[in-house]
Amino acid sequence: MVGLATVVPQHAWSGEQASLLEKYARQARQESPDFTVFQPQRGELFFTSRHSGGKPDTPACTTCHGATPTSSGMTRANKPIEPMAISKTPSRFADPDKVEKWFGRNCDSVLGRPCTAQEKGDVLVYLLKQ
Amino acid sequence: MLIWDKGTRIFHWMLVLLVVGDALTGWMAPKWMLNWHVAFGAGIGMLLIWRIVWGVYGPGPSRFENFIRSPAAVLGHLRSVASGHPRWHAGHNPAGGWMIVALLITLTLILITGLIALAGEEKQGILAGWISYGVGHLCKEIHEGLVTLLFVLIPTHIAGVILESLLERENLIRSMITGKKRLTAIQTLPELQQAKPVHALIWNSGIALLLWVGYLGLGEHPAPLGHAPWSASAAGYAKACGECHWSFHPSLLPESSWQTMISTLDNHFGENASLSEDVRRQMDDLLRTNAAHAWDTKAANQLRRVSKEEPMRITAAPYWLKKHRHIPADSYASKSIGSKSNCPACHQDAESGHFTPQAIRNPKEKIA
């Protein structure tokens, strides 16, 4: 197993978050042999851009999650969403099932397709730094 | 001479105030002022108990035995009124006496049906949990019918007082304030028994004690809503189904609607809300067991009837449409509400499924 330091920038994270990133790193390598490292800047771009292909009322992750990871968001059914930043919501990304559930639903809404493992990893390392 | 003692006078005018208060809070005030309506009713209840005891132990003119007369006496009095020369009575005349009885009985029945309706419909008050929605709903209808009767009796009473005042040339309304009436005919003054305030006090205290014991004995029903208290998070429901929208209370849909919904989660109101099979089966079981049939609230009873075209949509149900018909459709789009399905925005007790009138707060419209 490749050391995590080679696939993610140095940062402190919990055991569950680490194993989640390892899993995505493994998948990313399978999807594309050129994969080297998760990049938080790529993740930020992905998180804040407007994407086509998904539902017209959710063109970006920020549509529901708020403009920045430290702001709280709102679902389209008017339920508040706690900030994605672990500095505000320490429990973020601690439950791998929950992470997978919401990547599954939200990538479908925003992009109209499943996210690649690289995209997931990029977004995670971006949000884990907030 | 002094005819109406202070107690009777204070009783009369306090009753007027409280009845007006109840009428206003019952018909015109916003629904969340229900507590005032109940409080005024409780006040009327206390006044009625006092008056009934005083009707036995009060001074002569206030005693029931002196003004409740036979039908013949009432007819005789009415005939004398019709002739323009009413027979003079120191206290209440026979017709007035019957009006008082009618008012006291009607008010008592209004109170009792009100208490039962409060318990059955709103699951509130001392009888909450002991009365079914069906019985409460019936009592509410009777309550409203009796109030209509009261609204006939009161003007009749006022008209009678005014008519008698004109014919006797005595301001009877002022008499009920000052207590005094002109002494016209000495021979019709039988009603001069002395009051027995100690007897009255003992009886009032005894009744109060009985009511208190009864109140303690009834206690707080463990399941006033007809179901054990509900926790969306304890049931795993909040996690599985309450992350996109509020955890819709299971009593708001019948079992058949929940069943259809949980078996078609891939197209859940236009969203893919699929769950893992074991969680899905868990939610299916949970929601079907705790559906509308399992609760006895007003919402649960009424929302068992769903829209034919959209059986899974609570806001399309006939009862929902009826209750929200006066709310402008565009007010749901305000920033603080968002949509019709966001019940907790206005119903502060939505999570419990209780939906009491007092918990309704329409948030002020904010410009989005």
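This is a predicted model: local features need pLDDT of at least 70, side-chain atom pairs count only at pLDDT 80 or more; totals for chains, interfaces and linings use all residues.
Helices (H or I, at least four residues) and strands (E, at least two) are DSSP runs, numbered from the N terminus. Residues are numbered from 1 along each chain as its sequence is written, chains are lettered from A and ligands numbered from 1 in the order in which they are written, and side-chain values use heavy atoms, with hydrogens and water left out.

The relative accessible area of B:H77 is 2%, so the residue is buried. Buried means under 20% relative accessible area, exposed over 50%, and partly exposed in between (1.4 Å probe, protein chains only). Contact means heavy atoms within 4.5 Å. Not counting residues up to four places away in sequence, B:H77 touches B:P86, B:R87, B:H89, B:N93, B:P94, B:A95 and B:E164.

## Nonpolar cores

A nonpolar core is a set of buried Ala, Val, Leu, Ile, Met, Phe, Trp, Tyr and Cys residues joined through side-chain atoms within 4.5 Å. The largest one has 35 residues, and B:Y237, B:W258 and B:L303 have the most contacts inside it. At least two residues of this core come from each of α9 (237-241), α10 (255-262), α11 (277-289), α12 (298-303) and α13 (318-323) of chain B. Another core, of 25 residues, lies apart from it and includes A:F35, A:V110, A:C115 and A:L128.

Not counting residues up to four places away in sequence, B:W258 touches B:Y237, B:F248, B:H249, B:P250, B:L253, B:L287 and B:A291.

B:N290 lies in the loop between α11 and α12 of chain B and counts as buried, at 11% relative accessibility. Leaving aside neighbours within four places in sequence, B:N290 is in contact with B:H227, B:W230, B:P250, B:S251 and B:W295. B:N290 and B:S251 are 39 residues apart in sequence, and their C-alpha atoms are 6.6 Å apart.

B:S352 is in the segment after α13 of chain B and is partly exposed, with a relative accessible area of 31%. Its contacts, leaving aside neighbours within four places in sequence, are B:L225, B:H249 and B:W295. The side chain of B:S352 also reaches the backbone nitrogen of B:H354 at 3.2 Å. B:A232 is 120 residues from B:S352 along the chain, with 8.9 Å between the two C-alpha atoms.

## The interface of chains A and B

The contact takes 17 residues from chain B and twelve residues from chain A. Together the two chains bury about 1100 Å², 38% of it on carbon and sulfur atoms. Buried area is the accessible area (1.4 Å probe) that two parts lose on being put together, summed over both. B:E243, B:C244 and B:E271 supply 44% of the area that chain B buries against chain A, more than any other three residues.

Ten residue pairs across the interface are in polar contact, with both residues at pLDDT 80 or more. A polar contact is a pair of N or O atoms within 3.5 Å; within protein, one must be able to donate a hydrogen and the other to accept it, and residues adjacent in sequence count only if both atoms are side-chain atoms.

## Salt bridges

A salt bridge is a side-chain nitrogen of Lys or Arg within 4 Å of a carboxyl oxygen of Asp or Glu. A:D95 and B:K239 meet in a salt bridge at 3.3 Å, N to O. A:D95 lies in the loop between β2 (80-81) and α4 (96-110) of chain A and B:K239 in helix α9 of chain B, so the pair joins two chains. A:D95 is partly exposed at 24% relative accessibility, whereas B:K239 is exposed at 52%. B:E271 forms a salt bridge with A:R76, the closest N and O atoms being 3.1 Å apart.

Within chain B, B:D284 and B:R288 form a salt bridge with the closest N and O atoms 3.5 Å apart. These two residues are separated by about one helical turn because they are four residues apart in helix α11 of chain B. B:D284 counts as buried at 15% relative accessibility, and B:R288 as partly exposed at 26%. Elsewhere, salt bridges that share partners join A:K55, A:D57, A:R76 and B:E271 into one network.
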